[in-house]
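I opened this entry to keep a record of what I looked up in one model. The notes go by topic.

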Amino acid sequence: MLDIKAVRQDPQAIAEQLSRRGFTFDAATFTALDAERKQADMDSQALLAERKRASKTIGQLVSQGVSVDEAKAQVNVVLEKIASQLDDLTEQAKAVQAKLDDFLLGLPNLLAADVPDGKREEDNVEVDRWGTPRTFEFIVRDHVELGEHLQQLDMETAGKITGSRFSVMYGPLARLHRALAQFMLNLHTVEHGYREIYVPYIVNRESLLGTGQLPKFEEDLFKLQGEQEYYLIPTAEVPVTNGARDRIFEEAELGEHGIRFACHTPCFRSEAGSYGRDTRGMIRQHQFEKVELVQLVRPDQSAAALEALTGHAERVLQLLELPYRKMALCAGDTGFSAQRTYDLEVWLPAQDTYREISSCSSFGDFQARRMQARWRNPATGKPELLHTLNGSGLAVGRTLVAILENYQQEDGGVCVPAVLQPYMGGLTQL
């Protein structure tokens, strides 16, 4: 959520900044709602002052010869009228505040100044490239062909069990999928200093509001039936980051580099906006797994933390020897809650292109303000908003796809990357 003080101070400047995203900020509506809320507060204060004055008139009436009971009766008539007006005003104020809150919750984050201009994915800027795509001496197969040839990937059975955009894996392929998650967790906790965390796969509405998935992206979520407003998590970002909701961290808790969490979970997405895209195989599924990296840092560490976090995700690809490129997302392609985002795109031979495998973002204080996640600044002794960051380190299914396609052999076999062989009991080929 944006700082209402900043929006109130210069709504036109906010409109200009949000226009970089292609978002139209309705300054007139905001100004009208804010004025209405302010007027309701002023009217309430005026009635409270009137009630206080009325209460003092009992003594004045008695001093003028009116009996105590009669004085109280006269004043109570006035107080009851004021109370009724206050009740009406309170309801009006709540309604206006709710409209104002909904308006603010619908505003995306302000972009960092150095985010490149652009409207769509094609306008993203390549920052770096690592590795050289392999040259094949045979016709490459995609991951579905390879998995089915090995009799270890079964999309048909998944469709029978559930429906489209699900998969079933068997034997060594299932083990490789599990090995990838274990490898990533070990790397991030041992080498990169993240603390492993296990979280619920179901969250409440407040958690999704806190990280910005609600109210804007409800159609992308799987909502559970029942009295509670429960949802399946779209990413571990939601439960992990919300662990800081309504908390004030002391300086010592943040340590030198802030708080770092690594979390392996399934993720559930309706893919409502991707009809017809990536319907084949495991690229875009309703259920997939990720190892998520989350950081909570002091504001002055935010920029460096994004570079570090992105580097941690890159390290996974480097150890797996998978060619990739690092992209700075343009203004129009940067996510709703993010200030700045890097996408890592891995090379997929069967598609002859790079595809996203990790998205690493800095959110500034946008999520922290929604969650009231704060730290106590020792210089002032006062609570201040934290900065939050997260990124995939990596998406397990897409990493598996990349390994299948990049490590395939002419006979349809697939070599196991050297770094994963200890997790596979020494197995070198699927």
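I am working on a predicted model, in which local features need pLDDT of at least 70, side-chain atom pairs count only at pLDDT 80 or more, and totals for chains, interfaces and linings use all residues. Residues are numbered from 1 along each chain as its sequence is written, and side-chain values use heavy atoms, with hydrogens and water left out.

**Sheet.** I took helices (H or I, at least four residues) and strands (E, at least two) as DSSP runs, numbered from the N terminus. I counted two strands as paired if DSSP finds at least two bridges between them. I found an open sheet of eight strands with mixed pairing, in the order β1-β10-β11-β12-β15-β9-β8-β4. Its edge strands are β1 (125-130) and β4 (195-196), each pairing on one side only. For reference, strands of a sheet pair through backbone hydrogen bonds, either parallel or antiparallel.

**Strand β11.** I looked next at the neighbours of β11. Strand β10 (residues 324-328) runs antiparallel to β11 and is joined to it by five bridges. Across that pairing, K326 stands opposite L344. I looked up two bridge partners in β12: S359 for D343, and Y354 for W347. The hairpin of β11 and β12 has four residues between the strands, and D352 there takes a positive phi near 55°.

I then checked burial, where buried means under 20% relative accessible area, exposed over 50%, and partly exposed in between (1.4 Å probe, protein chains only). Nine of the nine residues of β11 (residues 340-348) are buried, so the strand is largely enclosed by the rest of the structure. R340, Y342, L344, V346 and L348 point one way, T341, D343, E345 and W347 the other, and all are buried.

**Helix α13.** I asked which strands helix α13 lies across. Helix α13 (residues 396-406) lies across β9 (287-297), β11, β12 and β15 (387-395), and runs at about 35° to β15. For this I used contact as heavy atoms within 4.5 Å. Axes are lines fitted to C-alpha atoms, for helices over the stretch in contact, with angles from 0 to 180 degrees between N-to-C directions. Eleven of the eleven residues of α13 are buried, so this helix too is largely enclosed by the rest of the structure. The buried residues of α13 include R398, E405 and N406.

**Salt bridges.** I counted a salt bridge when a side-chain nitrogen of Lys or Arg is within 4 Å of a carboxyl oxygen of Asp or Glu. The structure holds 21 of them.

- R298 forms one with E251, the closest N and O atoms being 3.2 Å apart. This pair links distant parts of the chain, 47 residues apart: R298 is in the loop between β9 and α11 (302-319), E251 in helix α10 (residues 251-254). R298 counts as buried at 10% relative accessibility, whereas E251 is partly exposed at 31%.
- R205 and E229 meet through their side chains at 3.7 Å, N to O. They also link distant parts of the chain, 24 residues apart, with R205 in helix α8 (residues 205-211) and E229 in the loop between α8 and β6 (230-232). E229 counts as partly exposed at 36% relative accessibility.
- R120 pairs with D123, the closest N and O atoms being 4.0 Å apart. R120 is partly exposed at 46%, and D123 is partly exposed at 28%.
- R8, D34, R37 and D41 are linked in a network of salt bridges.

**Surface patch.** I noted a nonpolar surface patch of about 420 Å², made by Y198, Y201, I202 and Y230. Patches are made of residues with over 30% relative accessible area and no salt bridge; like charges are joined within 9 Å, nonpolar side chains (Val, Leu, Ile, Met, Phe, Trp, Tyr) within 5 Å. Accessible areas come from the Shrake-Rupley method with a 1.4 Å probe, and for residues only the protein chains shown count as cover. Y198 is in the loop between β4 and β5 (202-204), and counts as exposed at 67% relative accessibility.

**Q429.** Last, I looked up Q429, which is in the segment after α13. Q429 is partly exposed, with a relative accessible area of 33%. Not counting residues up to four places away in sequence, Q429 touches D411, G413, V414, C415 and V416. Q429 and Q351 are 78 residues apart in sequence and 23 Å apart in space, C-alpha to C-alpha.
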